[in-house]
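Me: I would like to learn how to read the features of a structural model one at a time, with the general idea given before the particular case. Could we start with helices and the charged pairs they carry?

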Amino acid sequence: QKEPEPPRKEQLSVRKLRVVLFALCSSTEQAALHFRNPPRRIRRWLRRFQAFHDDHPELSEGKYLSLEAEEKLAEWVLTQREQQLPVNEETLFQKATKIGRALEGGFKISYEWAVRFMLRHHLSTHTRRGVANPLPKEIQGNAGAFIEFVQRQIHRQRLPLAMIGAVDEISLFLDVEVLGSDERKESALQTVGNGEPWCELVLTVLADGNVLPALVISRGQHPSPATIPESILLESKENGCDDDEIMELWAARVWRKHTECRGGPSKGMLVLDCHRTHLSEEVLAVLSAAGTLPAVIPAGCSSKTQPLDVCIKRSLKNFLQKKWKERAKDLADSDSSALLQLLLGWLGEALEILGNCPELIRKSFLLASVLPAPAGDSASPRRNGDEQEELIAAMEERLEIAKSRESSPGSPENDAAEADPEILHQLFEGESEAESFYGFEDADLELMEI
């Protein structure tokens with residue numbers, strides 16, 4: 001039997017590198033939709049890129065930014081994503097140029113450098129091992145100090161698990177023009193964007209595995225939805241809310257009610273990201289009355305220390321986008337009220353499933369190191385990464401996401417951007433391009449890539 005030929009060791013064209021960079025900044029599926037290329041082909045280009053640079057490491061050494069400058073850029077990428085702001089070709093190159101000029105007096109920028117940078121610093125959006133991936137040096141130190149503080153407070157104050165919470169929001173952006181167009185309706189709903197979001201979802205989970213009601217803030221004037229799931233509290237504002245107002249509504253309608261249901265004040269802790277440090281006096285008053293300490297995650301550290309980031313937020317985003325994708329072609333003529341009703345139904349369905357997964361939620365708090373590991377459990381980054389992958393897979397199975405994804409694009413065996421360098425090397429060297437494309441030879445495939 002003929003041995004499969006290894007991937008060819010050649011540099012990708014600028015056009016292909018641009019597609020790969022888009023996939024690393026957003027997702028393979030969005031890159032496929034934007035550039036009209038199959039996801040399988042994009043992943044193959046990524047493998048070819050890595051194979052080439054494994055054989056030519058000198059091309060990436062000392063050619064562009066210093067390690068110090070790259071770490072500053074990686075910090076920026078992480079904090080942008082925490083705010084659900086776009087990281088794309090334009091914003092990445094602008095920030096890289098600014099940092100390069102400030103630190104080094106200019107540098108050479110290219111798509112080859114950008115792709116290598118995203119891979120080297122584990123910045124792919126679909127990584128499923130965030131708790132195991134190293135952070136930039138300064139951010140890593142901040143994350144360690146935060147974890148030490150949180151665990152010390154939990155131990156000293158003997159905080160009950162039902163009073164240790166994590167809160168964060170998901171912003172949903174709806175592009176009405178795209179929805180009304182003949183094509184690309186599937187991309188009309190996004191979880192990253194500039195401008196004002198269509199809806200904002202505030203999620204709260206507890207270390208004992210329970211899920212508190214989700215607060216949904218919708219923008220615009222429309223009739224009240226006919227049915228609202230019991231797990232959702234809806235606020236409709238013509239002009240939306242700013243961050244202070246969102247947190248004030250959440251504190252009054254969600255956290256205060258939770259503490260009152262427990263029979264009065266008891267000490268607690270709330271994990272939230274640093275973009276909530278502008279907490280208003282009203283919010284702080286509610287937390288103080290409930291004996292709740294706000295544990296503010298340092299900038300760029302959410303991927304390691306926010307329990308909601310470990311598994312739940314990404315799974316919920318994928319679930320909502322899956323539901324949207326299934327219905328997008330039929331929604332062009334729907335008014336805002338009908339779209340909101342659909343969203344509330346999907347979210348209610350997801351929250352019901354999450355409510356039946358207390359063990360997965362508790363595990364998220366452990367993997368984020370908010371809760372200390374059980375005595376005698378010597379967890380390593382690799383082991384934590386393995387457990388996070390298993391946790392995400394289990395949550396996707398409950399939400400029935402995995403079945404709908406093409407060959408599970410986010411999984412490490414299919415998406416090279418997620419694996420560590422050793423696994424990447426094994427994947428690139430061991431996979432047959434011909435086998436992946438049902439017997440086509442490379443020469444045949446090249447004709448399809450024009």
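Reply: A helix here is a DSSP run of H or I with at least four residues, and helices are numbered from the N terminus. The model is predicted, and its chain has 18 helices and seven strands. With that reading, Asp309 and Lys313 both belong to helix α12 (residues 307-327), where they stand four residues apart, about one turn of the helix.

Me: What do the side chains of Asp309 and Lys313 form?

Reply: The general idea is that side chains of opposite charge can pair when their charged atoms come close. In this case Asp309 and Lys313 meet in a salt bridge, at 3.4 Å from N to O. Asp309 is partly exposed, with a relative accessible area of 25%, whereas Lys313 is buried, at 8%.

Me: How many salt bridges does the structure hold, and which parts of the chain does the pair of Asp386 and Arg129 link?

Reply: The structure holds 15 salt bridges. In the one between Asp386 and Arg129, the closest N and O atoms are 2.8 Å apart. This pair links distant parts of the chain, since Asp386 lies in helix α15 (residues 381-399) and Arg129 in the loop between α6 (111-120) and α7, 257 residues apart. Asp386 is partly exposed, with a relative accessible area of 34%, while Arg129 is buried, at 9%.

Me: Where do Arg398 and Glu359 lie?

Reply: Arg398 and Glu359 form a salt bridge whose closest N and O atoms are 2.6 Å apart. Arg398 lies in helix α15 and Glu359 in helix α14 (residues 358-367), so the pair ties together parts that are 39 residues apart in sequence. Both partners are partly exposed: the relative accessible area is 36% for Arg398 and 33% for Glu359. Salt bridges that share partners also join Arg129, Asp386 and Glu389 into one network.

Me: Which residue with a positive phi follows α4?

Reply: As background, most residues other than glycine have a negative phi. Gln84, which follows α4, has a positive phi of about 55° although it is not a glycine. Gln84 is placed in the loop between α4 and α5 (89-104).

Me: Phi of Arg158 is also positive, near 50°. Are Gln84 and Arg158 buried or exposed?

Reply: Gln84 is buried, with a relative accessible area of 6%, whereas Arg158 counts as exposed at 74% relative accessibility. Arg158 is a residue other than glycine and is found in the loop between α7 (137-157) and β1 (164-174).

Me: Which residues touch the most other members of the largest nonpolar core?

Reply: The general idea is that in soluble globular proteins nonpolar side chains tend to be buried together. The largest nonpolar core has 99 residues, of which Leu21, Leu73, Leu92, Val115, Phe117, Trp324 and Phe365 touch the most other members. Helix α13 (residues 336-355) gives the largest share of this core, eleven residues. Domain 1 (14-126) and domain 2 (137-399) both give residues to the core, so it lies between them.

Me: With which residues is Leu73 in contact, leaving aside its neighbours within four places in sequence?

Reply: Leu73 is then in contact with Leu65, Leu92, Lys95, Ala96, Ile99, Trp113 and Phe117. A second, separate core of 23 residues includes Ile246, Trp255, Leu270 and Leu287.

Me: What share of the 450 residues in the chain is buried?

Reply: Buried residues make up 52% of the chain. Its accessible surface comes to about 20,700 Å², of which 50% belongs to carbon and sulfur atoms. Among contacts between residues at least 6 apart in sequence, 74% join residues at least 24 apart.

Technical notes: Residues are numbered from 1 along each chain as its sequence is written. This is a predicted model: local features need pLDDT of at least 70, side-chain atom pairs count only at pLDDT 80 or more; totals for chains, interfaces and linings use all residues. Side-chain values use heavy atoms; hydrogens and water are left out. Helices (H or I, at least four residues) and strands (E, at least two) are DSSP runs, numbered from the N terminus. Buried means under 20% relative accessible area, exposed over 50%, partly exposed in between (1.4 Å probe, protein chains only). Contact means heavy atoms within 4.5 Å. Accessible areas come from the Shrake-Rupley method with a 1.4 Å probe; for residues, only the protein chains shown count as cover. A salt bridge is a side-chain nitrogen of Lys or Arg within 4 Å of a carboxyl oxygen of Asp or Glu. A nonpolar core is a set of buried Ala, Val, Leu, Ile, Met, Phe, Trp, Tyr and Cys residues joined through side-chain atoms within 4.5 Å. Domain bounds come from an automatic or database domain assignment.
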